[in-house]
Amino acid sequence: LWDLIVPPTKTQDGFTTHVCLTCGLTYKDSHIPATGSIGLTYTINIDGKSCSVSDIGSCTDVDIIIPRVSPEGYPVVAISDYAFLNRTDLISVTISDNVTKIGNLAFYGCSNLISVVIPNSVTCIGNSAFTNCTRLVSVTIPNRVTSIGDSAFEDCTSLTSVTIPGSVTSIGNSAFSGCTGLTFIAIPSSVTSIGGSAFYGCTGLTSVKFSNGVT
């Protein structure tokens, strides 16, 4: 056999390819998960089987990649409350498809954050998760999210496009308050509750499409 070892990168899994020198057949094994951004701090969850990203730690990346698995081998299922609070150096965040929750104030005050990739695995976007992300231009909310937390996108003044999926049933208080760049928003029929001041100060809104689900 001849072995070719491909180490993992931030975005690609590593593996070993084995080649039979006699017959030419190949197979892969020894898979190693992609590392994501190196230096992030992780906290083991109560179940003892998974973990959450809790702080930027020693990571110096401005384009953060949240991996599927921590360096210790625990699945990464959440971004903790305050994890990247006021990290004004961050430019983009890519979240792996293991993550189900973005915590309260997780990216609060990340004023230079331009791009966030939120996977379909996410079901919960916490209170003030992206408040004051003033350079964030567009957000696609995954189709498993059922509630958008209070002030989740408050004062995201550059936000011009928001897609709210049919899984969402409630939009929290001040969820999009102060999003002066929004010009249009469509509320799907799944939404039954829109909190106080949800679109307060959205001075650019020219059209809002409501469904008959809102009570």
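A: Strand β7 runs parallel to strand β9 (residues 101-102), and 2 bridges join them. One of the residue pairs involved is Ala78 with its bridge partner Lys101 in β9. The model is a predicted one. Both strands belong to an open sheet of 8 strands with mixed pairing, in the order β4-β5-β7-β9-β11-β13-β15-β17. At the edges stand β4 (41-44) and β17 (193-194); each has a single partner strand, so one side of each is left without a neighbour in the sheet. In general, the strands of a sheet pair through backbone hydrogen bonds, in either a parallel or an antiparallel manner.

Phe107 lies in the loop between β9 and β10 (115-117), whereas Phe130 lies in the loop between β11 (124-125) and β12 (138-140), so the pair ties together parts 23 residues apart in sequence. Phe130 also pairs with Phe153: their ring centres are 5.3 Å apart and their planes at 5°, so this pair is stacked too. Phe153 is found in the loop between β13 (147-148) and β14, 23 residues from Phe130, and the pair therefore links distant parts of the chain. One aromatic cluster is formed by Phe84, Phe107, Phe130, Phe153, Phe176 and Phe199.

How accessible are these rings? Buried means under 20% relative accessible area. Phe130 is buried because its relative accessibility is 0%, and Phe153 is buried because its relative accessible area is 1%. Phe107 is buried as well. Beyond its neighbours within four places in sequence, Phe130 is in contact with several residues, including Ile102, Leu113, Val116, Ile118, Ile125, Ala152 and Cys156.

The largest nonpolar core has 51 residues, and those touching the most other members are Ile66, Phe84, Phe107, Phe130, Phe153 and Phe176. The elements giving two or more residues to this core are β5 (51-55), β6 (63-66), β7 (76-79) and β8 (92-95). In soluble globular proteins, nonpolar side chains tend to be buried together.

Technical notes. Residues numbered from 1 in each chain as written. Predicted model: local features only at pLDDT ≥ 70, side-chain atom pairs only at ≥ 80, totals over all residues. Heavy atoms only, no water. Core = buried A, V, L, I, M, F, W, Y, C linked by side-chain atoms within 4.5 Å. Buried < 20%, exposed > 50% of the residue type's maximum accessible area, 1.4 Å probe, protein only. Helix = DSSP H or I, 4+ residues; strand = E, 2+ residues; numbered from the N terminus. Contact = heavy atoms within 4.5 Å. Pairing = 2+ DSSP bridges. Phe/Tyr/Trp six-rings, centres within 6.5 Å; stacked < 30°, edge-to-face > 60°.
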